[in-house]
Amino acid sequence: MASQMKTTRSVAVIGGGITGLAAAHHIRELDDSCNVVVYESSDSLGGILQTTSIDGYLIERSADMFTTRDASAIDLCQRLGFQEQLIGTNKQHRRPLIVRDGQLYPMPTGWSMLVPGSISSVLKSPLLGFGGRIRVLFERFVKSRESTEDESLADFARRRFGEQGYQRIIQPLIGGIYTADPEKLSMKATLEVYRELERKHGSLWRSRKRRQPRDVSSDKSSGARYDMFLTPEEGMQSLVKCIADSLPEGSIRLNSPVQSLESIAGNRWKVFSDDSETEHDGVIVALGASAAADIIRTVDSEMSELLGSIPLAGAAILAIGIDRSQIKHPLDAFGIIVPQVEDRPLIAISLSSVKFPGRAPDGKVLLRVFVGGATQPHVLEWDDEMIKQRAWKQVSELLEVTGEPELMELFRWDGKMPQYHLGHVELVDQIQKLSDSHPALELAGNAYRGVGIPACVESGETAARRIINSL
């Protein structure tokens, strides 16, 4: 009898991005008798994780790697038997370059996120003036903040490292990761670990000396911990396909946008999509905050309003393929990041074919240029041709390029990046409390407690566990 009851259980997962797919896969891991239906509004899975292959160039339309520091993504790959298809970054040139007055300079050696590197590398850095270098070194003598109230990245960085350290190193490095305005970006929601290091050690400089070797780069790299990043050899879409293929036949419904939900008798849910009305024992809404707000409105207007209040930003990525002989720059870095104070219509340039093998044909280079974000929303108001022209002009100047590229492909992601502004943690706590009042209803995705692929996987799997436990 118990076995028969189990086979009747059904969960709807709304959204076929990496979060929804991870949720659906984990539900089947936890209970292989549970029927899972993934509703996806478009004609393909993966959300913004899309890979394009053009003339020998392998182009990621959004994220091109994930960290193993947060184990959720790599654990999922291992359970899928996908780990053998993952590759690491190239071992050379593991550093970013930063623009200053139109010139490219390396980040101080060993600098990792908000933890400085060696004293000598800071003292020698042309990114900072003499006063800026001294102020960064002086961070070890800055008293810890007594208040536990939330603080913006800009305020935290200025307080600890001074204006130059913030503007020339921290803002371009961190702001670009979140496509965010550092004046509004919540430390509590995004970089709480560094507030904890400050409280524990009194200084981020001192924390570097006292942490385990795994936590601080001991090689000559700088910026992100590039040795802790992986990517599928055949692109992110191959991971998406692997997860989808692990689900039972008939689990995925493409071109099936969901309009609304309705709670019905027996703590069950009715899902209204374009082509059907179906009943399920549980629902996971794995959509962006704005889309989730629309679907939730008929269930809980207050929760819908809170979801709709999460700010969103957009960005565009221009993929450029070009012959190596046209570029004078040595391309001795994984990327170039651009401080806001440079006043350029540019966030960053990723040297994709330097970072990973197999991204460009022999003798060619693949670049990905990022524009827009929360600090330059006006750029996304330009038409495609203007974005291409302006971005190409920046690339040509910074990398000393002659001639024209053989490939230019633009990908727009308008309103896809949730902004973790001050108060975000408390806002998400409110949303979670309201969600908890509705049996067998879960929210998952990058709008809540973390961006990036591992955070999305963890969010989806957490929702799956909660759903299974509630049924």
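This is a predicted model: local features need pLDDT of at least 70, side-chain atom pairs count only at pLDDT 80 or more; totals for chains, interfaces and linings use all residues.
**View 1. The aromatic pair of W111 and F161.** The structure contains 2 aromatic pairs. W111 belongs to the loop between β8 (103–106) and α4 (119–124), whereas F161 belongs to helix α6 (residues 153–178), so the pair ties together parts that are 50 residues apart in sequence.

**View 2. The aromatic pair of F138 and F141.** The ring centres of F138 and F141 are separated by 5.6 Å and their planes stand at 50 degrees, so this pair is tilted. F138 is partly exposed, its relative accessible area being 44%. F141 is classed as exposed, because its relative accessibility is 57%.

**View 3. Arginines over tryptophan rings.** R140 is placed over the face of W205, 4.9 Å from the ring centre. R390 is likewise placed over the face of W382, 4.6 Å from the ring centre.

**View 4. The contact of helices α6 and α8.** Two packed helices are described by the angle and the distance between their axes. The axes of α6 and helix α8 (residues 192–201) come within 12 Å and cross at roughly 35 degrees. This crossing of α6 and α8 is left-handed. On the α6 side the contact involves F156, R159 and R160, which meet Y194, R195 and E198 of α8. The residues of this contact comprise 2 nonpolar and 4 charged, with no polar ones.

How values were computed
Residues are numbered from 1 along each chain as its sequence is written. Side-chain values use heavy atoms; hydrogens and water are left out. Rings of Phe, Tyr and Trp (its six-membered ring) pair if their centres lie within 6.5 Å; planes under 30 degrees apart count as stacked, over 60 as edge-to-face and the rest as tilted. Helices (H or I, at least four residues) and strands (E, at least two) are DSSP runs, numbered from the N terminus. Buried means under 20% relative accessible area, exposed over 50%, partly exposed in between (1.4 Å probe, protein chains only). A charge sits over a ring if NZ of Lys or CZ of Arg is within 6 Å of the ring centre and within 35 degrees of the ring normal. Axes are lines fitted to C-alpha atoms, for helices over the stretch in contact, and angles run from 0 to 180 degrees between N-to-C directions. A crossing is left-handed if the near helix is turned anticlockwise from the far one by less than a right angle, and right-handed if clockwise. Contact means heavy atoms within 4.5 Å. Ala, Val, Leu, Ile, Met, Phe, Trp, Tyr, Cys and Pro count as nonpolar, Asp, Glu, Lys and Arg as charged, and the others, Gly among them, as polar.
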